[in-house]
Amino acid sequence: MLFNSPQFALFLLAAVCLYRALPVRLRNPFLLGASLLFYTLWLPAYLLLLVADIAVNYALLRGMARSSRPKLYLIASIVFTLGLLGTFKYAALLVTTTLPVLEGLFAFSGPIPDLFLPLGISFYSFQILGFSIDTYRGKTRTLPSFSRYALFISFFPQLVAGPILRGSQFLPQLARGGEITPERTRRGLWLLGVGLAKKVILADYLLAGFVDLVFDARGVESPVFYWVALYSFAFQIYYDFSGYTDMARGIALLLGFELPFNFLEPYLSRSPSEFWRRWHITLSRWLADYLYIPLGGNRRGSVRTLANLMLTMLLGGLWHGASWNFVIWGGIHGLILVLHRALGRRPVDLDAPLGLRDVPRIGVVFHVVCLAWVFFRAEDFDSALNFIRHLFVGENTFGLPWIQIGIVLFCALLHLAERALRTRLPAIRAYLAGKAWGEALQGAVLGALLALALAVSGVGGDFIYFQF
Amino acid sequence: MTARSQQNVGENGPGLKPSRGALLFWFCFALSALVVIRGIFAGVANFPPQPWQTSIGVMNKILPGLEAMGNPPASPALVRIAMLGDSTVDFYPKNQKIPDRIEAALQESAPAPPDIQITNLAFLGLGPTAYYFLADRIAAQKPDLVIWQVSLTHASERWRRSLLRPQLAGWTAPARIPSALTLPLDAIGLTVDELLFYSLIVQTGQAERWQDWLINLSRVDKARGALDAWLGNSPKGGPEKNFAALSALIRLTNLSGHPERPDRYNDLGEIDHFGSVLEGIGPEHPTLRFIAAAVGVFSEAGIPTLVYLNPINLEHLDAVGVLDKSAMERSVDAYRSSVIDSGGLFLDYHDIFPDSHFTDMAGHFRHDDEIQTQTQLAKKIAGFISENKLLGPDRPTREEKN
């Protein structure tokens, strides 16, 4: 069920109203039921997979808590969870990659697996693994009940595309129960409205069409079109994914829960490492805590540190999809992180104000990120190279796509405005609080935003990150 | 009362009474949303609606057709036939569509022509999945015979992707929904929530309102297209060049046209048009499972179903080098077994016409003074019906048919 679909609107309305009407003790069980129903309504058969993943891992967690050899249970949890993920997500890639070798060496030929990717499996697998590792590390004081653990993994607002939650973030909230307050409700509605508008108006209506045209066109020789498509895609994927995250956070707030930030104006990053502290934050933190640091992090010499960085980013790329293009995308980010560190990185201060002197660095990081996106978006490696070649080779026979340039500039300005607004939001809220005209203004703006999003929803599409 | 439970009721204050601020917020929210939506829809009201983009637009034709079929029939002697298919059945001038020609051919072929009424339920782009969702409604009219045109293109990924009209799932009989869930809905881009949502709309009688909403949304799209075109054709300089460039770009994305024959696809186009059928498919293919399920619904209701495999332009497929005859035969066999195993009758006409009998890349038929493809096809179908006494009182049993 897509967040921008009418059936989800009905589901959400029913779920929020019933949830709020229920006594507090029944809310979590209700939410678990609603989450499993949400997943079932996509493809019923895969509910079994989700439930099996949760049940088996919970049994292993219990074993881990009681056993004198908890490592065995952790290994079992990792093997089982990654085994499912690997089977459903990477089996086809593995077979298509190894088949030519097997055919050449052993004259072996087999079918290429054609499995439908279970919705959100990459996200919930990482959430499961994170909790198992935390439990092994002794960070989980008491094991939650099965139903609470199941709700932590399957919580419907973030089940299919994150943010990836930690047990320490969410389980205490579940234990307390959703805390519904007027402030959270208002903030939730705003996030829902802004997220929907980002997705439907910006990503789908204004950006996707041009991106698809240029990425799918062959024989176009106008570099300017490719540059504009490059920037358009950068903003499309940002508004698509951050729009989803805003909606997920907004829905959680309506249910009384806080979900973590996943984006902090990533295209205003002054360095590659800052970018990864602003883009898909919950994933990069997960990769740092459960992959980079266990590999040794920066504690085993500079060469090992750089190798760890590279490996983390390559695997982070592969996490996004079973395609070598994603590995290359991760590799590019790994390479620039390695270079940045090798050149002597500066400490990242996310709250440091931006100045004119930051513009060149922001420009360089933005363009490297944009070029890496080509491998993320293109159908295959050749298409990506072809796209990059066209950025630099060819004549501008078509003229300039002024309107799309205008849209890209508008998105860039909006990105700047997001930063300005985010830092001033508490003050704005405090100023509007309690004023009748403030209530009226908020209602009117939010209503207009949602109505506009609905009126252009005819061209809506899937969320890009749902495929992961 | 604990601090937390106080917090949870604090939303609406004691006794769930909303605060004045909250009331003002929601009033302005609703008012502003209404004004914006009304304003946008009023602004695009003059743009032509595009009901054919919506399934409900399709149903505007199908539902009156079903009603016209009548159950029970106007006279006991009347033989009622329901004709199902896509544009290759329906996309011709009035009274010259395939059902009209079959009716005429049946009148000619029978020694004692029966009183026949063929109801044309075919429509542009209506394929097996759509007819599966409509099967119970058609069966409820108890036609004496169902003639159903299916095509090898119906199994292509493109057909499933672009011509599905998933909203038609809303017309599935409620009792059929559990068995519909066992079919590969995901392969046709339909999720369970969509199936239930569309059913809810239809069952609660909101289909027309939903259609109005969709038509308005299609007008918004149309308005944007018109704005693009206006800017593109503007005689003045300025931003219009952007749109002329976009139009050129759109043309460049059309990679499937044949370089020498504008009315035919090239090899890429044909591969896209026919999809995995060119490589050979089996009865487990999602499209064939929907065909089998739909024929099964008619068989359950005791309605004989004659499924014919539409003629395709094999000569052109061969000419552009994408025809593997053995793979194609595998696909045809899979169609045949899907129909026969579900209790239907199957006619394979996929290879009966040469290239000259087709007018366009979509496989529509040529019909002029020189070549009258529709009539030839209709006569073949009518001939089979007469020879096998499908309309007479001594109709063959299911065992005899197969």
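**Helix pair in chain B**

I looked up helix H13 (residues 286–300) of chain B against helix H15 (residues 325–341) of chain B: they pack at an angle of about 25°, with their axes 8 Å apart. The model is predicted: local features need pLDDT of at least 70, side-chain atom pairs count only at pLDDT 80 or more, and totals for chains, interfaces and linings use all residues. Residues are numbered from 1 along each chain as its sequence is written, and chains are lettered from A and ligands numbered from 1 in the order in which they are written.

I note that axes are lines fitted to C-alpha atoms, for helices over the stretch in contact, and that angles run from 0 to 180 degrees between N-to-C directions. Helices (H or I, at least four residues) and strands (E, at least two) are DSSP runs, numbered from the N terminus.

H13(B) and H15(B) are therefore roughly parallel to each other (angles under 35 degrees count as roughly parallel, over 145 as roughly antiparallel, 65 to 115 as roughly perpendicular and the rest as oblique).

From H13(B), I listed B:Leu288, B:Ile291, B:Ala292 and B:Val295; they meet B:Ala334, B:Tyr335, B:Ser338, B:Val339 and B:Asp341 in H15(B). Contact requires C-beta atoms, placed from the backbone, to lie within 7 Å. The residues of this contact divide into 7 nonpolar, 1 polar and 1 charged (Ala, Val, Leu, Ile, Met, Phe, Trp, Tyr, Cys and Pro count as nonpolar, Asp, Glu, Lys and Arg as charged, and the others, Gly among them, as polar).

**Helix pair in chain A**

I then took helix H3 (residues 45–66) of chain A and helix H6 (residues 146–154) of chain A, which pack at an angle of about 130° with their axes 10 Å apart. H3(A) and H6(A) are therefore oblique to each other, and H3(A) passes H6(A) in a right-handed crossing. On the H3(A) side I found A:Leu50, A:Ile54 and A:Tyr58, which meet A:Phe146, A:Tyr149, A:Ala150, A:Ile153 and A:Ser154 in H6(A). The residues of this contact divide into 7 nonpolar, 1 polar and no charged.

**Chain A as a whole**

I counted 17 helices and 0 strands in chain A. Its C-alpha atoms fill a box of roughly 75 × 65 × 45 Å, taken along the principal axes. Among contacts in chain A between residues at least 6 apart in sequence, 75% join residues at least 24 apart.

**Positive phi**

Most residues other than glycine have a negative phi. I noted A:His280, which is not a glycine but has a positive phi of about 45°. A:His280 sits in the loop between helix H10 (272–275) and helix H11 (281–292) of chain A. It is buried, with 23 other C-beta atoms within 10 Å (20 or more is buried, 12 or fewer exposed, in between partly exposed; C-beta atoms are placed from the backbone). A:His280 and A:Phe263 are 17 residues apart in sequence and 5.8 Å apart in space, C-alpha to C-alpha.

B:Lys142 also has a positive phi of about 45°.

Methods. Two residues are in contact if their C-beta atoms, placed from the backbone, lie within 7 Å. A crossing is left-handed if the near helix is turned anticlockwise from the far one by less than a right angle, and right-handed if clockwise.
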